[in-house]
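Subject: Structure handover

Hello,

Here is the structure for your files. My notes on it follow below.

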Amino acid sequence: MNASPLSAQAAAQMLSTLVRLREALESARLPLEIPDVEIARKARVEMLDQLEDYILPRLIQIDAPLLTVVGGSTGAGKSTLVNSLVGARVTLPGVLRPTTRSPVLVFNPADAEWFEEARILPDLERTLEASTDTGRLQLVRSEAIPPGLAVLDAPDIDSVEEQNRTLAAQLLGAADLWLFVTSAARYADQVPWEFLKQAADRSAAVAIVLDRTAPSAIEEVSTHLARMLSARGLRDSPLFIVPEGKVDEAGLLPSTTVREIRAWLSSLAADAGARQAVVRTTLEGAIRSLSTRTYAVADACHDQVEIAGRLRRDAEASYEAALNEIDHACADGTLLRGEVLARWQEFVGTGELLKTLESKVSWLRDRVTNAVKGQPQHAERVTVAVESGLQTLILEHAEAAAERTDAAWRMIAAGRDLLGATEQDLSRASRDLRPRAETVIREWQQGVLDMVRDEGADKRSTARFLAYGVNGLSVALMVTVFASTGGVTGAEVGIAGGSAVLGQKILEAVFGDQAVRRLIERAREDLNLRMLHLLESERRRFGDLLDALALSATAEEELRAGARHIDDIRFASHLT
């Protein structure tokens, strides 16, 4: 733009690209506390502000009046300078510090349409009265300001009030021209030079006003200040000197002391070419800087997604391990001990049947039928014992998974912050897990009962089916499921395995080998699926914390693509 203004087509492309970039920045939330995130957050807010306040409206109407923002340090005399340039008291100087007030925008009545509507600084409410609300913009019409120019008095850049500093930075970012006011006592302060460095980095148009300078110190101070400007890339910035002097009853400096500044601003306003050169230089620099800074925000988005992914994987790994441990315990005979084993032995009878089973498994099915002594109440006791054993197993491993996940998250600052921000104690299983587990187990047991009933639909009148009943056969199926892997065979597995083999023989006596294998597989798959859903609901407690962050998986690439497209348009424009 500075070297070669954008064509109408290129300007339209740039506008469309910048609008998409703004959308990407809005979705590029950075909620996780990771190293250097504050820098990226601040940059993102500043970039969004500059797009809204300056770049987009200025690109839409390149011929709009030149906005000059008067900024500087505390006590530099900004408001007095603005009043003196206008020739009337339009903005109130701060007698006491810190001064919190709304910024003041002074413009010619001919330009009212541009400034009174929310085209620039759209988030500031327009008002005609002085206010202490930094969310308002006081508008002042004045014939003393030539058409094509506006002057905005901004808060102190080094105010002790954070809202003043934030607003000052926002307003300077919306300027076509920075009129930077400092004094002989403050010109070497660090804060002003940080702002001036930003101006130099984006090739913004800057003019310096050395205010409140004793005549005897003007030459020394101005020479030193000029060297500092040159060393920091601001060699071509105009430097104006305002000698220290008394103000009149209206609080204005003598007209002669600001004559040079007034004349320079008026010449810019009167010369459309010079005015556009300032605008294009600043706009080009703002867009170039925006493109460069976008990559840092994209990097921050990448880091956010990476950390969130690591936290999510930690939770998934913990609960996957818990699920595998439950699955293993439900298949290796672990549950066929203690209460479950005792109740099962009550059902099938202990004595000679099990002794024979331990020494020889190639028996007649009829022997099994004749030996079983189980009664309905015995089957119910096995069912209750299975329910209790499964419930204990689930709670044990859910607690362990919660502890592992909590410990893993606390090793990362972002994870600690997320855990600290929730009222839940995620290091423990959910308070309602026990009743939910109980419901799930009972539903599985009912499902096993239904499988047996359906499978035996054409066998209900047989002696064997009647001998065991639906409840007895479903108990046998559950017991068999709990030792259904590892090639369990009677003599090789001890009492638990032998009990499972006995259950399988009972089922085979009624349904046959193939049907029993199918029933075991279905019951086991159903149990695994229910355990999966139950533990998934526990893991989701951690996942919900991450989901609530609303991290965008596409923001990083959208930002990088936007920055590349901006550079492509700029490069093509400079070649034409």
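For the residue classes used below, Ala, Val, Leu, Ile, Met, Phe, Trp, Tyr, Cys and Pro count as nonpolar, Asp, Glu, Lys and Arg as charged, and the others, Gly among them, as polar. This is a predicted model: local features need pLDDT of at least 70 and side-chain atom pairs pLDDT 80 or more, while totals for chains, interfaces and linings use all residues. Residues are numbered from 1 along each chain as its sequence is written, and side-chain values use heavy atoms, with hydrogens and water left out.

Pockets

A pocket here is an open set of points on a 1 Å grid over the protein atoms alone, where a 1.4 Å probe fits, with protein on both sides within 12 Å along at least five of seven lines; lining residues have an atom within 4 Å of a point. A volume is the space filled by probe spheres set on the points, which are joined across faces, edges and corners. Helices (H or I, at least four residues) and strands (E, at least two) are DSSP runs, numbered from the N terminus.

The largest pocket holds about 1,000 Å³. It has 28 lining residues, and K42, E46, A169, Q198 and R293 are the closest to its centre. Helix α2 (37-60) gives the most to this lining, 8 residues; α5 (162-173), α6 and α9 (272-329) also supply at least two each. The classes are 11 nonpolar, 6 polar and 11 charged.

The second largest pocket comes to about 310 Å³. Of its 17 lining residues, A204, A205, V206, D236 and S237 lie nearest the centre. Two or more residues each come from α6, β7 and α9, with α9 giving the largest share at 3 residues. This lining has 11 nonpolar, 4 polar and 2 charged residues.

Sheet

An open, mixed sheet of 8 strands runs in the order β3-β4-β2-β5-β1-β6-β7-β8, where two strands pair if DSSP finds at least two bridges between them. Strands β2 (104-107) and β5 (149-153) are antiparallel over 4 bridges, and V104 has D153 as its bridge partner in β5. Helix α6 (190-201) packs on the sheet and touches β6 (177-183) and β7 (205-213), at about 155° to the direction of β6. Contact means heavy atoms within 4.5 Å; axes are lines fitted to C-alpha atoms, for helices over the stretch in contact, and angles run from 0 to 180 degrees between N-to-C directions.

Salt bridges

Counting a side-chain nitrogen of Lys or Arg within 4 Å of a carboxyl oxygen of Asp or Glu, there are 33 salt bridges. One of them joins E38 and R41, with the closest N and O atoms 2.8 Å apart. Both residues lie in α2, 3 residues apart, about one turn of the helix.

Regards
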